[in-house]
Amino acid sequence: MKKRLSVLFSMLLVLSMFLAACGGNDNAGNDNGGDKDGSKSDVPQELRVNINSEPPSLHPGLAKDSTSGTVLRQTFEGLTRIGKDGKPIEAAAEKIEVSEDQKVYTFTLRDAQWSNGDPVVAKDFEYAWKWALDPNNQSEYAYQLYYIKGAEAANTGSGSMDDVGIVAKDDKTLEVTLENPTPFFLELTAFYTYLPINSKIAEANKDWANDAGENYTSNGPFVMTEWSHSDKIVLEKNDTYWDKDAVKLEKIEMIMINDPNTELSMFDNGELHWAGAPTGALPTDAMQALKDDGRLITKPIAGIYNYKFNTTVEPFNNANIRKAFTFAINRQEIIDNILQGEQLPAQAIVPPTMFPENEEGYFADNDAEKAKEYLQKGLEELGLKDVSELPAITLSYNTSEGHQKIAQAIQDMWKQNLGVEVTLDNQEWAVFLDKMHSLDYQVGRMGWLGDFNDAINFLEMYRDADGGNNDTGWESKKFQDLLAQSAVETDAEKRQQLLKDAEAVIMDEMPVMPIYFYTENWVQADNLKDVVISGLGDVQYKWAYFE
Amino acid sequence: MAKCIGKRLLYMLISLWLIITATFFFMRIAPGNPFTSEKKLPPEIEANLNAHFGLDKPWYAQYGDYLLRILKWDFGPSFKYKAQTVNDLISEGFPVSAALGLEAILLAVAFGIILGIIAALKHNKWQDYTAMIVAVLGISVPSFIMATFLQYFLAIKMGIFPVARWESFMHTVLPAIALGSTPMAFIARLTRSSMLEVLSNDYIKTAKAKGLSSGVITVKHAIRNALLPVVTYMGPLTAGILTGSFVIEKIFGIPGLGSHFVTSISNRDYTVIMGVTVFYSILLLLSILLVDIAYGIIDPRIKLAGGKKGE
């Protein structure tokens with residue numbers, strides 16, 4: 001008896017420790033998020049955001065990921081910049097002339113300075129672009145420049161750098177000759193591979209971009225004053241920026257926390273002004289609560305989550321079978337119950353941020369009747385009597401809890417609506433990519449985010465069966481012809497129509513099953529205004545301020 | 001003694017070579033490469049990159065190059081982080097992980113041993129039960145739950161500590177507790193059980209019979225012998241904790257070495273994988289050696305040169 005009492009007593013003691021920790025909150029818990037003294041007018045213009053992880057490179061020619069892009073977009077200024085309304089506007093260039101055939105662009109630069117006082121000259125652009133194209137420099141994103149005449153040849157070693165259509169006529173004039181009329185070229189000149197580099201600095205020191213300091217000169221709204229690797233980056237307002245009156249933030253602290261729960265906790269604790277996309281992430285478990293509080297902000301972006309079919313193996317070499325599988329899933333249910341981020345059900349390939357009518361898409365979501373019809377047709381064409389004769393089907397995805405939940409839901413929908421048994425299979429990311437790229441799969445998950453705001457981004461990859469990102473083994477003469485025509489079409493509307501026709505070809509043969517279009521979800525401090533997020537999901541702090 | 005340590009060092013070198021070789025080949029067998037990405041590179045660019053990093057050479061040439069580089073302690077550039085070499089990653093990340101690790105070890109050892117001794121001396125009394133409930137909780141609650149728990153109560157609700165990051169001493173407290181709680185619990189249990197065993201030995205009874213006070217018996221005779229298992233456990237623990245914990249560093253946003261162990265593998269960042277593996281192996285092997293030397297100091301019955309423990 002005495003012994004039992006002592007056990008009870010000791011357990012109580014332990015318990016009381018935990019209970020003690022639960023009491024007495026309220027002192028720091030006024031969790032309205034963000035700045036505590038938000039009502040004051042002299043609120044410090046200092047922003048603290050999370051960028052998730054170390055940017056792999058802050059050299060415009062070597063960067064190839066969104067984290068690096070986020071930093072570069074604040075520190076550098078391209079010939080154009082994506083404006084508040086999502087359209088490219090003149091930035092480092094003050095005047096842009098386009099030739100009749102839309103192949104020659106003449107940029108006149110405005111008077112601007114690098115952060116160390118050097119003038120920004122046309123040669124800085126020529127230097128930066130040719131640097132990226134030089135095969136000795138290992139720029140993995142050099143292909144972003146392939147729209148320029150001779151660029152691909154120079155980069156792959158079959159042509160000379162002198163034949164590349166980039167000429168600095170004088171300090172203020174840059175003439176760029178393109179391979180084809182490229183209506184989205186001014187979107188591209190805002191992209192980070194097209195940013196200039198201070199050629200004086202870079203020629204003297206090839207490691208200029210490895211750390212903050214006097215070598216890291218930039219020409220954008222902010223300069224990087226500190227870069228503690230894997231820890232944080234500090235940007236400060238650039239006093240030599242040509243448009244510095246538009247910049248109100250004095251300082252941006254970008255910290256690197258790769259844990260959504262911690263990110264949200266820090267936001268709730270007032271240690272961050274922003275949590276979630278595009279620079280970080282929110283925990284899925286917290287979405288519903290944030291939505292109920294009315295704090296969650298959602299914005300559709302140009303990105304698609306889809307399942308690809310391997311069209312070189314049975315049964316997915318049959319278009320009707322592919323359609324049956326595509327029609328048989330309930331996208332809205334997946335979005336409401338699993339994703340919870342207000343994503344848009346995708347019944348098309350090109351996101352509605354580019355083709356607004358794709359909010360409706362080409363077919364109805366969750367059309368089990370139609371799916372069964374197509375399944376029957378497909379089975380007949382394959383010479384099978386019923387679904388039980390279908391070869392074993394495996395659905396592949398890369399290991400992640402989110403992908404797994406979606407795969408399980410779709411597995412269930414296929415079983416209910418089509419009576420097809422599908423096994424699930426997951427692999428580590430690089431192993432999975434290897435399998436997808438070598439067509440060693442049947443149905444596989446893939447996502448795609450646009451690099452620039454043009455539908456070609458989402459169509460081009462299906463042009464050639466062996467093109468790097470096709471992954472389906474599908475190609476079509478008609479589709480290729482339409483893309484080829486769009487490449488030389490100079491009339492914007494006609495070109496748009498050609499691209500729509502091309503999309504219709506894909507939707508008619510369905511080598512890929514669209515599931516949803518991405519959205520970005522975040523929470524932000526109430527008094528933070530004018531952070532601009534483009535349709536691609538890129539963030540700009542140039543115009544941001546605290547009220 | 002010196003001869004024995006020399007022999008041990010030789011074995012260490014052989015172990016290290018085996019680890020390096022196994023890592024090198026496993027790494028290359030894994031599908032994918034550092035340039036694998038969702039947006040596939042044009043083949044010409046990929047070929048050019050492979051040539052630049054020497055990945056187009058036959059495996060034995062790459063293996064040879066690699067061994068040479070390790071001998072010079074130059075692990076080369078990181079494939080992913082263009083701004084840093086692998087040596088930079090290690091020399092920047094290790095001090096942070098080591099500082100956090102030391103704090104956690106100190107916490108674990110100090111509280112673990114105290115709890116264990118109290119539990120043993122007050123065997124089957126309430127102090128014993130309390131200490132052991134703490135220990136069971138410490139062992140069975142995973143560090144990431146402990147971390148979130150600490151963040152929620154001590155940082156968000158009570159506002160005593162910052163939620164995350166690595167800036168001042170206050171920032172180090174929560175991660176150190178989260179990281180140290182499991183080893184602390186383990187040490188407490190080890191100390192308790194070996195103390196109980198030692199306390200029932202004849203020489204303790206002799207000491208009691210001689211009329212020594214229980215304080216002297218505990219400090220001079222019991223603890224010293226009871227600590228041997230703890231010292232054994234300290235070797236691998238030190239190496240593991242000093243090189244950082246992926247989970248704790250991720251949750252608290254600490255720029256340590258721990259995350260590189262995991263992310264370098266999913267990035268197929270070959271040079272980083274090899275760099276951190278070699279670095280960790282050396283630390284591990286050294287700490288095991290130190291533990292063996294410490295045995296000899298704590299318990300004179302164990303002689304390194306005696307051959308029994310020295311092998």
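Start by selecting strand E12 (residues 297–309) and strand E16 (residues 443–449) of chain A: seven bridges join these two strands, which run antiparallel. Strands here are DSSP runs of E with at least two residues, helices are runs of H or I with at least four residues, and both are numbered from the N terminus. Two strands pair if DSSP finds at least two bridges between them.

E12(A) and E17(A) pair in the antiparallel sense over nine bridges. Here A:Tyr307 has A:Met513 as its bridge partner.

This is a predicted model, in which local features need pLDDT of at least 70 and side-chain atom pairs count only at pLDDT 80 or more, while totals for chains, interfaces and linings use all residues. Residues are numbered from 1 along each chain as its sequence is written, and chains are lettered from A and ligands numbered from 1 in the order in which they are written.

Colour chain A by pLDDT, the predictor's confidence in each residue, from 0 to 100. The average for chain A is 90, and 93% of the residues score at least 70. Residues 17–40 of chain A are below 50; this stretch has 31 contacts in the model beyond near neighbours in sequence. Two residues are in contact if their C-beta atoms, placed from the backbone, lie within 7 Å.

Next, the open four-stranded sheet of chain A with the order E1-E10-E9-E8 and mixed pairing. Its edge strands are E1 (46–50) and E8 (222–228), each pairing on one side only. From one strand to the next, the twist averages 20°. Such angles run from 0 to 180 degrees between N-to-C directions, with axes as lines fitted to C-alpha atoms, for helices over the stretch in contact. Select E8(A) with strand E9 (residues 232–237) of chain A: they run antiparallel and are joined by six bridges. A:Phe222 has A:Lys237 in E9(A) as its bridge partner. Then show helix H2 (residues 66–75) of chain A, which packs on the sheet and touches E8, E9 and strand E10 (251–255); the direction of H2(A) makes about 140° with that of E8(A).

Move to the other open sheet of four strands in chain A, with the order E4-E5-E7-E6 and antiparallel pairing. Strand E4 (93–98) and strand E6 (166–170) of chain A each have a single partner strand, so one side of each is left without a neighbour in the sheet. E4(A) is joined to strand E5 (residues 104–109) of chain A by five bridges, and A:Lys95 stands opposite A:Thr108 in E5(A). Helix H3 (residues 122–133) of chain A lies across E5, E6 and strand E7 (173–177), running at about 165° to E6(A).

Now bring in chain B, of which 47 residues are in contact with 54 residues of chain A. H6(B) gives the most to the side of chain B that touches chain A, with six residues.

Finish on helix H4 (residues 86–121) of chain B. H4(B) reaches 50 Å from its first C-alpha to its last, close to the 52 Å expected at 1.5 Å a residue (1.5 Å times one less than its number of residues). Stop at B:Phe94, where a kink of about 30° lies shortly before B:Pro95; the bend is the angle between axes fitted to the seven residues ending there and the seven starting there.
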